[in-house]
Amino acid sequence: MMVGYVAYLVLALVVVMFLSAAIRILREYERGVIFTLGRFTGVKGPGLIILVPFIQQMVRVDLRVVVQDVPPQDVISRDNVSVKVNAVLYFRIVDAERAIIQVEDFMAATNQLAQTTLRSVLGKHELDEMLAERDKLNNDIQEILDQRTDAWGIKVSNVEIKHVDLNESMVRAIAKQAEAERLRRAKVINADGEQQAAAKLVEAGRMLAAEPQAMQLRYFEALHDIAGERSSTVVFPLPVDLLSQFLKQQGEAK
């Protein structure tokens, strides 16, 4: 009797061990790459998966988007400026078979490829392009990575450059360059204003010369403006035409 209970207990343990080794449950975002006696026999999931113990093995693959930080890379731009650049990589597995069979560690391989691609792409551009055209550089890096990782069953969806760090001396040089650019723009704007004012003055002079009474009225207006100012110094404008008439009369008297 006791032997019978022990036999049933052993049989139950064997059944439990067999079921635990045979039954696998995969979530919606998981796939199982099945190997039978070491040979690839298919991709299964999600849901309930039945395996033959000791004959079949399964490797789980997560199909969700992976966010991976690319470590800071020392980059020398095309205009010989040394910078440190880091980025964020977004990718996911679209073919579980190739991700497991074609590459040993797709996470490490993708990260290393992202580092080398980041250095090679940014090294072809100048510093101003790195700072002003990040969207274009992100798209270029993403396209290159997507093409190279396609053989591994990986889809690179996005690459974002996070920081472009400069040393202190280069920051000061860029600040001086920006200040010089602002001064140049200020001088150009001032020169444009002088040119427009001169054109308006020439136009006003032509209009006043056509009507002598207008010049006289302008003269009276200037006197009114001077009289309105409370100052110890009074500047009295004297027309040149009046002086010429006075000098002419003095010459005739002599």
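**Entry 1**

I started with R185, which is exposed at a relative accessible area of 53% (buried means under 20% relative accessible area, exposed over 50% and partly exposed in between, with a 1.4 Å probe and protein chains only). I was looking at a predicted model, where local features need pLDDT of at least 70, side-chain atom pairs count only at pLDDT 80 or more, and totals for chains, interfaces and linings use all residues. I also noted that residues are numbered from 1 along each chain as its sequence is written, and that side-chain values use heavy atoms, with hydrogens and water left out.

Which residue forms a salt bridge with R185? I found E181, with the closest N and O atoms 3.2 Å apart (a salt bridge is a side-chain nitrogen of Lys or Arg within 4 Å of a carboxyl oxygen of Asp or Glu). R185 and E181 are four residues apart in helix α6, residues 168–210, so about one helical turn separates them. Helices here are DSSP runs of H or I with at least four residues, strands are runs of E with at least two, and both are numbered from the N terminus. E181 is partly exposed, at 29% relative accessibility.

I then looked for salt bridges that share partners, and found R27, E30 and R60 joined into one network.

How many salt bridges does the structure hold? I noted 11.

One of them joins the side chains of R78 and E126, at 3.6 Å from N to O. R78 sits in the loop between β6 and β7 and E126 in the loop between α3 and α4, so this pair ties together parts that are 48 residues apart in sequence. R78 is exposed, with a relative accessible area of 51%, while E126 is partly exposed at 31%.

D62 and R64 form another salt bridge, and their closest N and O atoms are 2.8 Å apart. Both ends are partly exposed: D62 has 31% relative accessibility and R64 has 44%.

**Entry 1: Rings**

I stayed with R64 for a moment. R64 also lies over the face of Y29, at 3.8 Å from the ring centre (a charge sits over a ring if NZ of Lys or CZ of Arg is within 6 Å of the ring centre and within 35 degrees of the ring normal).

Next I counted aromatic pairs and got one. The rule takes rings of Phe, Tyr and Trp (its six-membered ring) with centres within 6.5 Å; planes under 30 degrees apart count as stacked, over 60 as edge-to-face and the rest as tilted. Is the pair of F35 and F40 stacked or edge-to-face? I read it as edge-to-face, with 6.3 Å from centre to centre and 70 degrees between the planes. F35 is buried at 17% relative accessible area, whereas F40 is partly exposed at 31%.

**Entry 2: The nonpolar cores**

A nonpolar core is a set of buried Ala, Val, Leu, Ile, Met, Phe, Trp, Tyr and Cys residues joined through side-chain atoms within 4.5 Å. The largest one has 32 residues, and V83, V85, L89, L122 and L145 touch the most other members. Among the elements that give two or more residues to this core are β2 (30–36), β7 (82–93), α3 (106–122), α5 (134–149) and β8 (154–165). At least three residues come from each of domain 1 (1–62) and domain 2 (65–166), with bounds from an automatic or database domain assignment.

I also looked up a second, separate core of five residues, which includes I34, I49, L51 and M58.

What does V83 touch, not counting residues up to four places away in sequence? I listed Q73, D74, V75, L127, M130, V164, D165 and L166 (contact means heavy atoms within 4.5 Å).

N86 is in strand β7 and is buried, at 11% relative accessibility. Beyond its neighbours within four places in sequence, N86 contacts V70, P71, P72, I161, K162 and H163. N86 and R119 are 33 residues apart in sequence and 9.9 Å apart in space, C-alpha to C-alpha.

N111 belongs to helix α3 and is buried at 13% relative accessible area.

**Entry 3: The whole chain**

Last, I stepped back. I found eight helices and eight strands in the chain, and 23% of its 254 residues count as buried. Of the contacts between residues at least 6 apart in sequence, 61% join residues at least 24 apart.
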